[in-house]
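Reader: Please walk me through this model, feature by feature. Keep it brisk.

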2 protein chains.
Amino acid sequence: MKIRVGIYGYGNLGKGVELALRQNPDLTAVGVFTRRDPKTLKTLTGIPVYSALDVEKMKEDIDVMILCGGSATDLPKQTPYLAQYFNVVDSFDTHANIPQHVKNVQEMAEKAKTTALVSAGWDPGMFSIARLYSGVVLCEGQDYTFWGKGVSQGHSDAIRRIDGVVDARQYTIPMQSALKAVRKGETPALTAAEKHERECFVVVAEGADKARIEREIKTMPNYFADYNTTVHFISKEELDKNHGGLPHGGLVVRSGVTGLHKENKHVIEYSLKLDSNPEFTSSVLVACARAVYRMNQEKMYGCKTMLDVPPVYLSPKSRDELLQTLL
Amino acid sequence: MKIRVGIYGYGNLGKGVELALRQNPDLTAVGVFTRRDPKTLKTLTGIPVYSALDVEKMKEDIDVMILCGGSATDLPKQTPYLAQYFNVVDSFDTHANIPQHVKNVQEMAEKAKTTALVSAGWDPGMFSIARLYSGVVLCEGQDYTFWGKGVSQGHSDAIRRIDGVVDARQYTIPMQSALKAVRKGETPALTAAEKHERECFVVVAEGADKARIEREIKTMPNYFADYNTTVHFISKEELDKNHGGLPHGGLVVRSGVTGLHKENKHVIEYSLKLDSNPEFTSSVLVACARAVYRMNQEKMYGCKTMLDVPPVYLSPKSRDELLQTLL
């Protein structure tokens with residue numbers, strides 16, 4: 001009996017979930033739910049498309065619903081709503097609002113005896129787990145999160161809004177000097193701008209004033225002004241050819257001390273290099289769907305996060321096999 | 001109310017636990033249990049010393065016992081025995097025998113309604129967790145574990161048994177070429193010898209035949225014969241000055257693919273650089289003692305491993321605080 005998974009929303013993340021489900025033989029994709037007209041949508045692997053309006057009717061056909069909407073407006077409404085009918089997984093990533101989101105979903109899931117897992121992915125998600133484990137082991141220490149090298153959609157959008165810009169791609173890149181220091185176990189106080197630099201690839205309209213555009217980018221408050229920012233003007237063809245993907249990644253480094261005189265230093269590093277940010281996130285969501293299904297079977301109801309999940313629940317392998325092969 | 005911890009055995013690991021407990025204000029060291037005459041033993045921080053013979057009498061005074069004996073002969077007997085009276089944590093690390101050890105301890109802990117966590121540390125332990133998480137996310141992929149750079153006690157001992165050798169220290173070092181390949185997401189088939197090289201610092205007796213000793217080291221089956229091995233002859237003073245510590249570390253790298261045509265590659269890396277192998281392991285054991293105490297409070301009895309523990313249980317912080325700060 002495969003775990004039957006629904007996909008709610010069909011952007012990059014939804015497509016990634018569809019593909020990740022193919023790689024996990026103990027799960028199966030029931031179909032995609034969309035707010036668009038289902039007839040207008042063709043899935044990558046041919047799985048069925050349903051109207052989001054019909055989702056409640058499918059209650060008995062789906063073991064876990066993976067929500068693939070955005071954190072700004074979709075998930076705050078959709079996750080509590082769907083938790084009334086389904087076990088759910090989402091990737092809500094507005095860090096400051098996570099406690100409220102957990103509370104909202106908890107209320108619905110507890111009442112409905114469903115199991116929800118929110119804020120799954122890599123940050124929040126795998127990076128949160130890395131921060132937790134390294135923090136409990138090196139309790140006297142400090143950790144640093146670096147993002148990149150990777151495409152920031154928000155920063156790319158900000159550049160696109162500048163007059164004369166046709167298209168743009170912005171990469172966030174960890175500063176090698178900062179990285180080197182924290183990897184040695186040094187504990188400098190670093191702002192986000194001291195940890196990252198920004199590299200922009202920009203396509204402009206014919207005759208546009210490149211000097212002005214570069215100045216507008218580099219002085220844009222919050223987005224670029226505090227950062228070491230590099231701007232490259234390139235052709236649309238080059239952008240499409242060399243900057244079409246959505247790579248990302250980053251690392252969590254924690255250093256700490258032990259010993260009678262705190263004389264021994266330790267460094268823990270967790271890093272990701274991802275060719276496709278949405279596909280990696282989707283792979284995390286699918287592993288979480290398995291865990292959610294099992295937790296629900298064991299009557300562990302309510303709203304969880306990846307920090308609450310016993311690692312064994314994420315794996316298709318039996319505990320015995322895991323003890324034999326991983327420990 | 002602090003969690004009251006006993007330390008059973010007082011070698012490098014027991015000392016490390018004593019020191020780690022000082023760094024965790026929600027736990028307190030009740031004392032050390034030794035098979036030696038307690039009067040002959042003075043602890044680093046002045047905590048009391050008891051005879052191992054009196055341990056059963058202390059049942060009511062200890063919430064969790066951390067076992068600090070060896071995996072060869074101590075833990076297979078001590079952990080099941082003590083699980084009859086205490087919640088226990090051990091670092092049993094004979095990989096092939098872990099399933100049997102879990103079974104033996106499970107039997108005792110279940111009956112006594114105690115909670116045990118075995119095979120904690122970094123490998124098995126943190127590395128097992130890294131392998132599990134990266135394996136469930138990148139389900140089509142391959143992982144590699146490298147050890148070092150660090151001192152291998154077993155290999156150092158093997159050199160010391162050679163005629164004419166006064167003292168020795170052996171470092172296991174990951175091969176940079178192998179490391180580079182797997183970090184790029186390549187998936188070569190590599191034996192242990194293709195992943196690691198061995199560097200030996202050897203002190204010999206006056207007039208000893210260095211050529212013979214070097215030959216005996218380099219041709220020693222299992223330990224060195226298959227490896228790229230380097231031998232340095234140094235003075236006792238130099239050995240004590242530059243090679244007195246017990247540094248270690250290593251890394252777990254997994255690469256895998258996603259996408260419609262498996263065209264996207266991802267690399268997850270978890271690495272440790274440790275100035276003191278036993279102190280780091282001890283820090284893991286202490287975090288596990290906290291989790292064991294809590295699981296026992298919640299009637300989660302029996303024998304667990306780090307793969308079974310919800311990460312939140314390891315932290316002194318409340319779940320609310322963790323959701324706010326780590327996610």
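Author: First, a term. Helices (H or I, at least four residues) and strands (E, at least two) are DSSP runs, numbered from the N terminus. Also note that the model is predicted.

Reader: Which residues line the largest cavity?

Author: From chain A they are Met126(A), Ile129(A), Ala130(A), Tyr133(A) and Tyr270(A). From chain B they are Met126(B), Ile129(B), Ala130(B), Tyr133(B) and Tyr270(B). Now use the term from above. α4 of chain A and α4 of chain B each supply at least two residues of this lining. By class, the lining has 10 nonpolar residues, no polar and no charged.

Reader: And what lines the second largest cavity?

Author: The second largest cavity has about 30 Å³ of space. Thr258(A) and Gly259(A) belong to its lining, along with Gly16(B), Leu19(B), Ala20(B), Gln23(B), Glu279(B) and Ser283(B). α1 and α10 of chain B are the elements that give two or more residues. The largest share, three residues, comes from α1(B). The classes are two nonpolar, five polar and one charged.

Reader: Now the open spaces. What volume does the largest pocket have?

Author: Its volume is about 1,100 Å³. Of the 31 lining residues, Asp93(A), Val151(A), Gln153(A), His248(A) and Asn277(A) are the closest to the centre. α1 (12–22), α5 (153–160), β10 (196–204) and α10 of chain A each supply at least two lining residues. The lining of the largest pocket divides into 12 nonpolar, 16 polar and three charged.

Reader: Which residues lie nearest the centre of the second largest pocket?

Author: Asp93(B), Trp122(B), Gln153(B), Asn277(B) and Thr281(B), out of 29 lining residues. The volume of the second largest pocket is about 930 Å³. α1, α5, β10 and α10 of chain B each give at least two residues to the lining. That lining has 10 nonpolar, 16 polar and three charged residues.

Reader: Next, symmetry. What rotation superposes chain B on chain A?

Author: Read the angle, then the shift. The rotation is 180 degrees, with 0.0 Å of shift along its axis and an RMSD of 0.0 Å. The two copies are thus related as by a two-fold rotation axis. The same surface serves both: 100% of the contact residues of chain B recur in chain A.

Reader: On to sheets. In what order do the six strands of the open sheet run?

Author: The order is β7(A)-β12(A)-β13(A)-β13(B)-β12(B)-β7(B), and the pairing is antiparallel. β7 (141–147) of chain A and β7 (141–147) of chain B stand at the edges, each with a single partner strand, so one side of each has no neighbour in the sheet. Neighbouring strands are turned by 5 degrees on average, direction ignored.

Reader: How many bridges join β7(A) and β12 of chain A?

Author: Seven, in the antiparallel sense. Gly141(A) stands opposite Gly256(A) in β12(A).

Reader: Which helices lie across this sheet?

Author: Among them is α4 of chain A, across β7, β12 and β13 of chain A, at about 10 degrees to β12(A). Helix α10 (277–297) of chain A lies across β12 and β13 of both chain A and chain B. α10 of chain A runs at about 70 degrees to β13(B).

Reader: What is the strand order in the open sheet of seven strands?

Author: In chain A it is β3-β2-β1-β4-β5-β6-β14, with parallel pairing. The edge strands are β3 (49–51) and β14 (302–304) of chain A. The twist averages 25 degrees from one strand to the next. β2 (27–34) and β3 of chain A pair over three bridges. Thr34(A) has Ser51(A) as its bridge partner in β3(A).

Reader: Last, the backbone. Where is a cis peptide bond found?

Author: Look at omega. One is the bond from Gly148(A) to Lys149(A), with omega near 0 degrees. Lys149(A) lies in the loop between β7 and β8 of chain A. Another joins Asp123(B) and Pro124(B), where omega is about 5 degrees. Pro124(B) lies in the loop between β6 and α4 of chain B.

Technical notes:
Residues numbered from 1 in each chain as written. Chains lettered and ligands numbered in written order. Predicted model: local features only at pLDDT ≥ 70, side-chain atom pairs only at ≥ 80, totals over all residues. Heavy atoms only, no water. Pairing = 2+ DSSP bridges. Axes fitted to C-alpha atoms, helices over the stretch in contact; angles between N-to-C directions. Contact = heavy atoms within 4.5 Å. 1 Å grid on protein atoms, 1.4 Å probe; cavity = no way out; pocket = protein on both sides within 12 Å on 5 of 7 lines; lining within 4 Å. Points joined across faces, edges and corners; volume = space filled by probe spheres on them. Nonpolar A, V, L, I, M, F, W, Y, C, P; charged D, E, K, R; others polar. Least-squares fit on C-alpha atoms with pLDDT ≥ 70 in both.
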